[in-house]
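Welcome! Please take a look at the sequence and the structure below, and then read on for a short tour of some charged side chains.

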Amino acid sequence: MGVTWGPRPLRTALVLAVAAVLAYVPASAAERPETSYVTGRGALGDDWQDERLLDARDHPRSDLVGLWQSVLWADGYISRASVTCRYDARTREATRVWQSNHGLVADGVAGAQTFGFASGRLVTRPPWQVYVGERYALPLRRTGEGVYEVYDAGHFVPLRSDAATLHVCRSAH
């Protein structure tokens, strides 16, 4: 005789709950290529310098774009509603202004110099790593494997540099 979990609706609910939890558990480092996640190791100040180049032509949509837009929001350059995970004309122009205001080459492309300057404003405030913006603080979490995560729709999820998986990304037009 097999194991009985209770009435069928309860079994179904348990299976769905377990499936939902497993969907948000990141794979081990060996199972995922590091290049597809926003990562960092050691000192926070250089964590983002090696992230992918962001511009409208080469990298139009991802969680990494959403992170960059969140930095722009935290610094007061775009509204919260403009965080769409799409590197659009608004993001490019806000990036250009942000770069100019911080003494960087104002090309509207978020690359090593731009990400490097932004990551210099990362601090640790246990249990978080926080981007200290000019207007708002942006809390993040860096796992023991170095993967950056955000609290999204009730769960911590890893930030993908190659896909748009965040709730704000899925709900954006």
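## Salt bridges and their surroundings

Arg 57 counts as exposed, at 65% relative accessibility; here exposed means over 50% relative accessible area, buried means under 20%, and partly exposed lies in between (1.4 Å probe, protein chains only). The side chain of Arg 57 meets that of Asp 55 in a salt bridge, 3.5 Å from N to O. Asp 55, in contrast, is buried, with 3% relative accessibility.

A word on the background: this is a predicted model, in which local features need pLDDT of at least 70, side-chain atom pairs count only at pLDDT 80 or more, and totals for chains, interfaces and linings use all residues. Residues are numbered from 1 along each chain as its sequence is written, and side-chain values use heavy atoms, with hydrogens and water left out.

What counts as a salt bridge? The term stands for a side-chain nitrogen of Lys or Arg within 4 Å of a carboxyl oxygen of Asp or Glu. By this rule the model has 7 salt bridges.

| Pair | N to O distance |
|---|---|
| Asp 47 and Arg 142 | 2.7 Å |
| Arg 57 and Asp 55 | 3.5 Å |
| Glu 93 and Arg 96 | 2.7 Å |

Let us begin with Asp 47 and Arg 142, whose side chains meet in a salt bridge. This pair links distant parts of the chain, 95 residues apart: Asp 47 sits in the loop between helix H1 (8–23) and helix H2 (63–74), while Arg 142 belongs to strand S3 (residues 137–142). Helices (H or I, at least four residues) and strands (E, at least two) are DSSP runs, numbered from the N terminus. Asp 47 is buried at 2% relative accessibility, whereas Arg 142 is partly exposed, its relative accessible area being 22%.

Which other residue can be related to Arg 142 in space? Thr 39 is 103 residues from Arg 142 in sequence, yet their C-alpha atoms are 7.7 Å apart. Thr 39 is found in the loop between H1 and H2 and counts as buried, at 11% relative accessibility.

Now for a pair within one helix. Glu 93 and Arg 96 lie 3 residues apart in helix H3 (residues 89–101), so about one helical turn separates them. Both are partly exposed: Glu 93 has a relative accessible area of 39%, and Arg 96 has one of 28%.
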